[in-house]
Each structure stands twice: as C-alpha cells, then as structure tokens.
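Me: I would like to go through this structure with you, one topic at a time. Shall we begin once it is on the screen?

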Amino acid sequence: MTNASNSAQSSAPVPNAGTRVLHRTSTSIPPRAVRGEGIYIFDQNGKSYLDACGGAAVSCLGHSDPDVRAAMHAQIDQIAYAHSGFFSSDAMEELADELVASAPEGIDKVYFVSGGSEATEAALKMARQYFLEIGQPDRKYVIARRQSYHGNTLGALSVGGNMWRRKQFEPLLITASHIAPVYQYRDQRDDETPEAYGLRVANELETAILELGAESVAAFVAEPVVGATVGALAPVPGYFKRVREICDQYGVLLILDEVMCGMGRTGTLHAIEQEGISGDLQTIAKGLGAGYQPIGAVLVSKKINDAIANGSGFFQHGHTYQGHATACAAALATQRAIKERNLLTNVVKQGENLVAALEAKLGQHPFVGDIRGRGLFRGVELVADRETKDPFDPTLKINAKIKKAAFALGLMAYPMGGTIDGVRGDHVLFAPAFIIDENDVAKIVDLFAGALDDVFKAEGLA
Ligand code: PMP
C-alpha cells in the first residue's frame, strides 16, 4: 500500500508526509540547509540561522572555509579513499604526526575512526584488549558517571549514565557502574570548598572500584568538561588529579572523552591540559574535522600501544572508513587553520566576552540559575526558582521549547536535559565557531534573550 492510499483511508495526519527520510522526529521535517558561510547557515527559503552551537559543538571553523575546501578538493583529485587494510595515506600520516606532537604527555599513536561513538567503542575494546595482553583477563568492568553521554552505539550507551537514553535498550547493554558527576552548582555543599567537593566526588571512584573488586575493573570513562546531557560542566580543581591517582593505585585505565570538549573548544587544544594530567586513552571527534568530514580518533598512550604491539601485535577491531583519506585531509587542514590563525586565543577572548554578555543580560533573569563553562563551551541552566534551584517540571519540555523559539528567531542553540530520569533541569549549550567576534557574541545573547522571553510569555510565566 502506498503512502497516498494510507493517508486517504485515515484522518490522522501522516507523520513526515513529503519525505522518505526517517528524520529524528516523526512530527516535523526540518528545513533544508542549502548553504553555509562562516557562522551562518541558510535554508531553502533564504532564511539565515546564526549557528551558536556549531551544530553539536562540531563546526569550530565556521562553514565553507576556503582552506579546508581546497584541501579536500586536492585530496579527492588524487584519491578520495583507499581501504586502510591495504594502504596508509599522506593525509593520515601527517594528521597522526600533528596530533601526537600536540597531544597530552604519554600519547604515542592515533587510531582513526569516523565519529564519537566509534571512538568510544574503540577505546573500550582497546582497554579490554590491553588487559588480555598483560595477563589480567578478569578486568572487564567499566565505571562512568551519572548523567554522562559517550555515544549511542550499544557499547557507548552502556557506559553512558543518561538513563533516559538507555532505558529502552537496557536488556542489550553491558554492565557498567556509575558514580557522581562534578556538578558544582547543584552538588557542592555550602560548607565545602571546591577542592574538598572535588575530593569527595573523586573518592566515589575508589569506593566503586573496591565494591566491584579492583582486579575486575578495566577503566573509568569521563568527559573532562561535560558537554553532552548537562551543558558545559567544568571540573573543580584537583578532581582529575585525584581520579588519576586512584586509577594508578588500582591499575584501572583512564579513558578521557574529549569528543565534544576537545580540539580547542575550551581554550586549550585538549580540555585535560587544564587539569595537569593525561589519560591512557583519549577520544576526540567533533572539532577534529569541524564537520567537513565525519572523523574521530582515539589517542593511544605508549603503555597501551606497547602492550598490544608486543603482544598479539594487532588491535582486533576495524571499520571500513577508518583513516578515510578525504576525512584526514579535511581534519589536517582544519587543525592547521586553527593553529596558523591563532584561533585558540580568540576562543579564550570570545569565551570571556560570551560569559560576560550572558551575565550582563541574563544574570538576574528569574529563571536563569547558572551560567558556566570554559572557552567557547558555555552552558546556561534554567530553573523554576533561583533560590531553591528547583528545576522546571520536565513535562513542560522547556529546553525543547527554547530550541524551537530560538530557531524561529534564526538562532541555533543546543538544548539539553529536561527529561524525567537521571537529568536535573533544563540546559542550553553554546559552542560557536572559533572565528566569532564581539558583534556575533552580542547577537547570540540578544537572540537568546528574545527566545527566553517568547517561551516564558507563552508559558504565562513572564
Ligand atoms: N561523546 C561525547 C562526549 C559526545 O558529546 C558525543 C556526541 N554528542 C559522543 C561521544 C558521540 O559522538 P557521535 O555522535 O559522533 O557518535
């Protein structure tokens, strides 16, 4: 039966009539993005959208960058793709060289994949293989943090602590344990310093390791600055130092998820640089290729690479498109552009401008509870009551309404939270391209304030 005859027999609206694409929601078809320029995307009707979240913290160079386009064209003119089981490529080798040269201490190799979830999967499997290679086969458990997100494939979803995303797939997931995140705004006690709070939550890792039995724990996974699920939560001083200490004490690997917060987003190339430690494995993705091509990677420490290289000699994993030459060429041009144009200095400067502008315009707003983050990775948490920090009733779906109102005004802002299980409150994430200036910052904040007004008026709250 065709769609047409289906709809003729039913008075209910046909979900997504007019498209064969299975879109993210069945109730609406998004506009078509037909052109991009700098921080703007244009749809088929010529409407412009200021991309204040880089999609999902991806588009760090802006859209249609001429250098990246030229590098991709040059690569395609030579060869677009050759299977990594047969060939390496100049682009892949040069990108790996640059990534290792600028990586946190101890990182020695790069394992390329096509995105963030694939990077999490590869890191988890590499951790497991490491323990097999060194004769500790009982190490199988992974510990992560509540409210975390590390990807949507089954392994990555298993370690993630976002209950709403996991719920319907629970029977398919592997076992993982979850400890408290660092969530200063809500969880630091009045009588605690940030350092004491950090120590308290980091020590939950030790408790979890001892409960599971240290000899059976493989890895702890955490985002240095949390982006997904709860917008832009930075760690408190000393937290990651203590985490590193605990991992070392019990022989547990530390996997840092820098898929969203990495590659310059927080003002340093790697967010973990600001914490003074490094991981045993570190995932990167979004900003690596800036959206020009799908690409991610696992940065692999010498310790892990040596164990595998001197053991079975090969990581038992692989994807058809890993190390895709055009993706590597795009990422190489992106990373060189960031360096040559000194864009991380602008990330720090405009990050400070953005937080100052948000504070000035919305710092006293009755429903703005917290403004936070690092670099051009900033979050705003909305609350029903600033005194008690009570969140809005999740069924109001405040964050989804803000996304919609902002989009109508021509602003892309990334909504988070507001779900019933596991996430407290409504959050909005800002992660604009590293090329923005003061005027762009002012526009973002004005449009966002307008969207808040529209939503709270419609809810009868303003
Ligand atoms: N880890 C983190 C921290 C992320 O933010 C994301 C994507 N939002 C992922 C992993 C998964 O990445 P991808 O969507 O590219 O699979």
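Reply: Helices (H or I, at least four residues) and strands (E, at least two) are DSSP runs, numbered from the N terminus. By that rule, Ser-48 lies in strand β3 (residues 48–51). This is a predicted model, in which local features need pLDDT of at least 70 and side-chain atom pairs count only at pLDDT 80 or more, while totals for chains, interfaces and linings use all residues. Residues are numbered from 1 along each chain as its sequence is written.

Me: Which class does Ser-48 fall into: buried, partly exposed or exposed?
Reply: Ser-48 counts as partly exposed, because it has 13 C-beta neighbours inside 10 Å. A residue is buried if 20 or more other C-beta atoms lie within 10 Å of its own, exposed if 12 or fewer, and partly exposed in between, with C-beta atoms placed from the backbone.

Me: And what is Ser-48 in contact with, leaving aside neighbours within four places in sequence?
Reply: Its contacts are Tyr-40, Phe-42 and Gly-410; two residues are in contact if their C-beta atoms, placed from the backbone, lie within 7 Å.

Me: How far apart are Ser-48 and Ser-177 in space?
Reply: They are 44 Å apart, C-alpha to C-alpha, with a sequence separation of 129 residues.

Me: New topic: the sheet of 7 strands. What is its strand order?
Reply: The order is β4-β10-β9-β8-β7-β5-β6, in an open sheet with mixed pairing. Two strands pair if DSSP finds at least two bridges between them. β4 (107–113) and β6 (176–179) stand at the edges with a single partner strand each, so one side of each has no neighbour in the sheet. On average, neighbouring strands are turned by 20° against each other, direction ignored. For such angles, axes are lines fitted to C-alpha atoms, for helices over the stretch in contact, and angles run from 0 to 180 degrees between N-to-C directions.

Me: How do β5 and β6 run, parallel or antiparallel?
Reply: They run parallel, and 4 bridges join β5 (residues 141–145) to β6. Val-142 stands opposite Ala-176 in β6.

Me: Which strands does helix α10 touch?
Reply: Helix α10 (residues 239–250) packs on the sheet against β7 (217–222) and β8 (253–258), and its direction makes about 145° with that of β8. Helix α12 (residues 302–310) also packs on the sheet, touching β4, β9 (281–284) and β10 (296–301), at about 85° to the direction of β10.

Me: Now the ligand. Which residues come nearest?
Reply: Gly-115, Gly-116, Ser-117, Ala-228 and Val-259 come nearest, of 15 residues around the ligand; a residue is near a molecule or strand if its C-beta atom, placed from the backbone, lies within 6 Å of it. Helix α5 gives the most to this shell, with 3 residues.

Me: Why does the length of α5 agree with expectation?
Reply: The 18 residues of α5 (residues 116–133) should span 26 Å at 1.5 Å a residue, and the end C-alpha atoms are 25 Å apart, which agrees. The expected span is 1.5 Å times one less than the number of residues. Just after α5, Gly-135 takes a positive phi of about 75°.

Me: Last item: why is β11 described as largely enclosed?
Reply: 7 of the 7 residues of β11 are buried, so the rest of the structure largely encloses this strand. β11 pairs with β12 in the antiparallel sense over 6 bridges, and Val-368 stands opposite Leu-382 in β12. The two strands form a hairpin with 2 residues between them, and Gly-375 in the turn has a positive phi of about 55°.
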